[in-house]
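Welcome! Have a look at the sequence and the 3D picture, and then let us walk through a few places together.

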Amino acid sequence: MAADARDQLTGRRAERAAPPLWAGAPETTAPPAPGPPRPVTDGRDTAARLWDLLDAGPASDPASGGSLPAPAPLHLPDATAADDGPTVLAGHGCWYPSADPGGRQVAFICDRRGVPQLWAGPVDGDVHLLDADPDPVIEVSWSPDGRWIAYTTAPEGGELTRVLCVRPDGTGRRVLAGAEPGSSAHLGCWRRDGSAVAVTVAEPPANTAAGGADAAPLRGESGVPGSSLPPGWDTRDGHAVLLGGQPSAPAPSFVLTGDDRTPDGHRPGGEEPVPLTLSTYLVDPEGASAPVFLASERGAATLRVCDLSRDGRLALLRRGPRGRREALVVDTRDLRITCALPVADGDPWIGGFSPDGRTVWLRSDHDREFAALYALRLDARGRRTGLTVAAERPDCGLELLAVDRDGRGAALAWNVRGVSELEIVALHTAAAAEHADTAAGGTAPARAGAAREVPLPHEVVTRIASTADPDGPVVALSGSQRRPGLWWLHQGTALRTPWSSRDEDTVPGDRPPVRPAPMRPTARDGLTLGGWYYRAPGRAPGEPAPCVIHLHGGPEDQERPVFDPLYHELVGRGLDVFAPDVRGSSGYGRSFVDADLGTGRFAAIDDVADCAAHAILAGLADPRRLAVMGHSYGGYLTLASLVWHPDLFRTGVAVCGMSDFATFFAGTEPWIARSAAHKYGHPEHDRDLLRSLSPMSRIDALRAPVMAVHGQHDTNVPPGESEQFVRAARERGVEAELVILQHEGHDFRRADNRRLFRRTAADWIQRHLAG
């Protein structure tokens with residue numbers, strides 16, 4: 001999905017070597033000591049092939065002026081399974097629901113066959129598999145007219161994704177975007193009539209710095225490049241400031257062709273707009289009409305079409321790196337930004353339009369600690385006329401917002417100290433009153449009506465799918481006592497769909513899941529942290545236990561009280577698990593998220609040690625038998641904790657973690673680098689800071705044995721990050737092991753690989769904490 005062989009942050013062409021992979025057993029390999037692992041000889045990884053393509057220049061297409069063509073449907077053979085009957089398999093998960101127009105049929109993701117795949121069926125009946133291919137499915141969206149189900153897959157489990165469509169009966173399967181070598185795509189919203197779905201495509205740009213002779217930046221009404229970022233936004237802080245001051249590169253700009261566009265978005269003569277980095281299109285699944293170009297952005301971190309007004313005149317887009325997200329209202333006729341507003345991180349589906357297109361309902365933390373429901377009022381040209389908070393809570397944030405299909409109501413999920421609270425509200429725009437007030441020089445605020453709380457059988461809502469019944473959405477739930485499942489909120493009652501796992505089938509055997517207890521440690525600088533503690537069964541109340549400190553990714557993720565098979569594996573072996581939220585985590589306000597920026601990262605590393613000390617002083621953890629473990633950013637913190645606090649932990653397991661920020665920025669995808677620069681520091685301006693924060697810079701302090709685990713196709717944090725740390729540890733005489741999971745990327749999605757990972761990691765930890 002990389003867009004430019006030139007470093008997007010520094011402007012220099014990066015020297016990128018393909019991270020080595022290793023051959024061996026089908027599922028996992030460890031390189032023979034003492035030398036480095038043996039490179040695979042039967043093929044090159046996705047990142048290497050992609051960089052070859054970029055170095056060779058973009059594909060040539062005479063019809064598009066030398067640039068890559070817009071996405072076009074690619075027909076595939078039907079891939080439903082013959083034995084896809086309704087037999088419910090124990091211990092599977094169901095998530096990411098999307099309902100049909102009638103609200104009684106649901107498409108969703110389920111791993112009952114060992115890999116996340118696309119399924120569909122009635123909320124109260126049997127379901128069927130729609131795509132039996134082994135590529136994991138990660139997003140699903142049913143068209144408003146009911147004719148198509150769009151979904152995103154991750155071939156080989158990697159980071160380069162593609163968008164497909166299939167009919168509800170499993171026929172007509174086709175790729176809509178992301179089929180070209182080196183490109184990637186993800187889903188946006190549907191047109192209201194179901195005639196096209198928005199997709200975002202990442203692809204190599206044309207060989208021109210400005211995007212072609214016709215290209216010009218998309219501008220706002222004021223004539224300046226469209227952006228709502230207020231002064232200081234790039235350096236906004238909680239307890240720390242991102243070093244480097246103002247952005248080193250020009251702010252990203254949208255690109256369009258000249259003003260001679262026809263109403264359908266194409267130039268006379270059929271010439272396509274020049275795609276630059278991330279480009280958004282409206283694609284007809286039937287292939288009867290050409291894709292309609294919406295926008296492109298140079299050096300983009302994210303770009304997603306979240307909603308279209310009913311008349312199709314306005315589009316709601318989400319763009320920007322994490323910590324700096326924006327909602328943009330764009331006029332689709334001339335591609336001008338009419339309005340922009342900062343919005344919260346987290347769920348990418350930030351909101352939607354009211355029926356008349358004069359109000360945008362947004363989940364935003366604009367000018368506040370916790371995200372709330374905002375009503376953004378627009379005039380007839382899409383320009384902002386008012387902004388009000390329509391629903392808020394004083395000490396917790398709005399985590400999920402699902403606006404009804406008719407735009408007159410919404411389901412709101414609030415994050416209350418890690419637990420979800422769900423409510424249904426009516427949305428009032430008071431259009432007649434507002435028009436009268438506007439004529440008099442004022443505005444009447446849009447607002448949310450009285451909330452109706454919906455009792456939930458489990459702790460966390462992960463997604464809300466609106467249905468034809470505004471009071472009866474389908475929600476994805478997860479909890480400490482169950483695997484992810486789907487529930488139909490029918491007439492105020494939560495009904496489990498019959499194809500979701502039963503609570504009693506959460507785990508095999510007679511060992512029930514452990515319900516965690518909330519913890520509130522205090523950091524050495526006085527900052528209150530959070531987290532959840534899982535006590536191994538059979539342990540006496542005052543008896544200290546061997547304990548694993550498990551660190552989540554992000555760093556903006558949050559530890560939630562949901563069933564985690566890894567934790568179940570560990571506590572089943574007599575190991576406690578403490579899963580803390582160190583500074584930088586979400587769920588505690590914007591200042592807490594920003595508290596690890598810049599030099600605040602050192603305090604986040606100390607938070608890990610402070611959380612371990614809290615568990616020890618509480619009489620829960622044995623100070624002589626501590627391990628640390630984490631995934632992604634948690635993998636980085638694991639490596640950092642082992643070298644910053646070398647005598648605290650007996651061992652560590654780092655999963656897909658960064659070991660050196662210089663090699664991470666050189667090897668990751670460009671759009672990931674742009675987001676990462678805001679969180680960690682700029683690779684050029686903050687080079688000294690990043691070097692001092694890198695675990696490799698302190699490798700001589702490593703004492704504890706370490707296991708590193710990585711996905712074969714991870715281009716988010718390339719496998720070389722684990723390989724170089726393991727090699728350096730071995731060179732210093734420290735026991736170290738490397739595990740590479742085949743057919744996986746940054747997230748492990750296949751059940752067999754996940755099982756292998758947790759058993760291998762638990763074996764390692766148990767062996768080193770014994771005695």
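## Before we start

A residue is called buried when its relative accessible area is under 20%, exposed when it is over 50%, and partly exposed in between, using a 1.4 Å probe and protein chains only. This is a predicted model, in which local features need pLDDT of at least 70 and side-chain atom pairs count only at pLDDT 80 or more, while totals for chains, interfaces and linings use all residues. Residues are numbered from 1 along each chain as its sequence is written, and side-chain values use heavy atoms, with hydrogens and water left out.

## The whole chain

The protein chain has 771 residues, and 61% of them count as buried. It holds 11 helices and 40 strands; these are DSSP runs numbered from the N terminus, with helices (H or I) of at least four residues and strands (E) of at least two.

A contact means heavy atoms within 4.5 Å. Take the contacts between residues at least 6 apart in sequence: 62% of these join residues at least 24 apart. The accessible surface comes to about 27500 Å², and 52% of that belongs to carbon and sulfur atoms; such areas come from the Shrake-Rupley method with a 1.4 Å probe, and for residues only the protein chains shown count as cover.

## Around S585

Find S585 in the loop between β36 (576-581) and α4 (590-594). Is S585 buried or exposed? With a relative accessible area of 0%, S585 is buried. Leaving aside residues up to four places away in sequence, S585 touches H552, P555, E556, D557, F592 and V593.

The side chain of S585 makes a polar contact with the side chain of H552 at 2.9 Å. A polar contact is a pair of N or O atoms within 3.5 Å; within protein, one must be able to donate a hydrogen and the other to accept it, and residues adjacent in sequence count only if both atoms are side-chain atoms. A polar atom of the S585 side chain also lies 2.7 Å from the backbone oxygen of V582. As for P555, a cis peptide bond joins G554 to P555, with omega about 10°. P555 sits in the loop between β35 (545-551) and α3 (565-571).

## Two crossing helices

Next, look at helix α5 (residues 600-617) and helix α6 (residues 633-644), whose axes come within 9 Å and cross at roughly 80°. Axes are lines fitted to C-alpha atoms, for helices over the stretch in contact, and angles run from 0 to 180 degrees between N-to-C directions. α5 and α6 are therefore roughly perpendicular to each other. Here, under 35 degrees is roughly parallel, over 145 roughly antiparallel, 65 to 115 roughly perpendicular, and the rest oblique.

On the α5 side, the contact is made by R601, F602, A604, I605 and V608, and on the α6 side by Y633, Y636, L637, A640, S641 and W644.

## Around T302

T302 is in the loop between β15 (292-297) and β16 (303-308), and at 18% relative accessibility it counts as buried. Which backbone oxygen does the side chain of T302 reach? That of G320, at 2.7 Å. The side chains of T302 and R325 are joined by a polar contact of 3.3 Å.

## Two positive phi angles

C656 is not a glycine, yet has a positive phi of about 55°. C656 lies in the loop between β38 (651-655) and α7 (661-667) and is buried, with a relative accessible area of 0%. Y96, also not a glycine, has a positive phi of about 55°. Y96 belongs to strand β2 (residues 94-99) and counts as buried at 14% relative accessibility.
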